[in-house]
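Please keep the sequence and the model side by side while reading.

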Amino acid sequence: MGRKALRTLVVSGAMVAGVGLVGVSAASALIPDSGYSSGYSGRAGTVNSTDRSVFKSATVNGLRVRMGPGTGRPILGLIYEGQQVQVIKSARDRTGQKWDEVMLQTASAGGLPGGYVGWVTEEYLY
């Protein structure tokens, strides 16, 4: 898939998800890292992981769900204290901070549907 087609796909998806103009600009500039595998097929709720996942809950309100591990990754939406997620896998960013790829178990008041897959810092999950 060419860069223009990928950018169009990302922008269209961001608009459907209601990310807004700032999120669309950030999302349209994103080019996947070489060698980076997200662990899911691209559809919310469809996970290609074979590990035994665990369930955790957010400990804060407004925890940012990101496109990948690290604070430099685009924000896709928010989850709130007590919202349960399924941890798919973990990774560390360049600074050593630990991040979890999670699947939301229910829709978030922050605009994400149940089954959505994204990354959150592990520091705010229990």
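## A buried charged pair

D100 and K56 are both buried, a word used here for a relative accessible area under 20%, with exposed meaning over 50% and partly exposed the range in between, for a 1.4 Å probe and protein chains only. The side chains of these two residues form a salt bridge at 3.8 Å from N to O, the criterion being a side-chain nitrogen of Lys or Arg within 4 Å of a carboxyl oxygen of Asp or Glu. Because D100 belongs to strand β5 and K56 to strand β1, the pair ties together parts of the chain that are 44 residues apart in sequence.

## Basis of the model

The model is predicted, so local features are given only at pLDDT of at least 70 and side-chain atom pairs only at pLDDT 80 or more, while totals for chains, interfaces and linings use all residues. Residues are numbered from 1 along each chain as its sequence is written, and side-chain values use heavy atoms, with hydrogens and water left out.

The pLDDT, which is the predictor's confidence in each residue on a scale from 0 to 100, averages 74 over the chain, and 58% of the residues score at least 70. Over residues 5–12 the pLDDT is below 50, and this stretch has 8 contacts beyond near neighbours in sequence, a contact being heavy atoms within 4.5 Å. Residues 19–51 also have a pLDDT below 50, with 49 contacts beyond near neighbours in sequence. Where pLDDT is low, the predicted coordinates should not be read in detail.

## The salt-bridge network

A search of the whole structure finds 3 salt bridges. Another of them joins the side chains of E122 and K56 at 3.5 Å, N to O, and this pair links E122, in the segment after β6, with K56 in strand β1, 66 residues apart. E122 also meets K98 in a salt bridge, at 3.8 Å from N to O; because K98 lies in strand β5 and E122 in the segment after β6, this pair ties together parts that are 24 residues apart in sequence. Through shared partners, the salt bridges join K56, K98, D100 and E122 into one network.

## Strands around the network

Strands and helices are DSSP runs numbered from the N terminus, with at least two residues (E) for a strand and at least four (H or I) for a helix, and two strands pair if DSSP finds at least two bridges between them. Strand β1 (residues 54–57) pairs with strand β4 (residues 84–92) in the antiparallel sense over 4 bridges, with V54 standing opposite V87 of β4. Strand β4 is also joined to strand β5 (residues 98–104), antiparallel, by 7 bridges, and here D100 is the bridge partner of S90. The hairpin of β4 and β5 has 5 residues between the strands, and G96 takes a positive phi near 95 degrees there.

## Two loop residues

Q83 sits in the loop between β3 (75–79) and β4 and is buried, with a relative accessible area of 9%. The side chain of Q83 reaches the backbone oxygen of T106 at 3.0 Å, and Q83 touches residues that include K56, L104 and T106, leaving aside those up to four places away in sequence.

Y116, in the loop between β5 and β6 (117–121), is buried with a relative accessible area of 19%. Y116 and V65 are 51 residues apart in sequence and 9.8 Å apart in space, from C-alpha to C-alpha.

Key: Polar contact = N/O pair within 3.5 Å; in protein donor to acceptor, adjacent residues only side chain to side chain.
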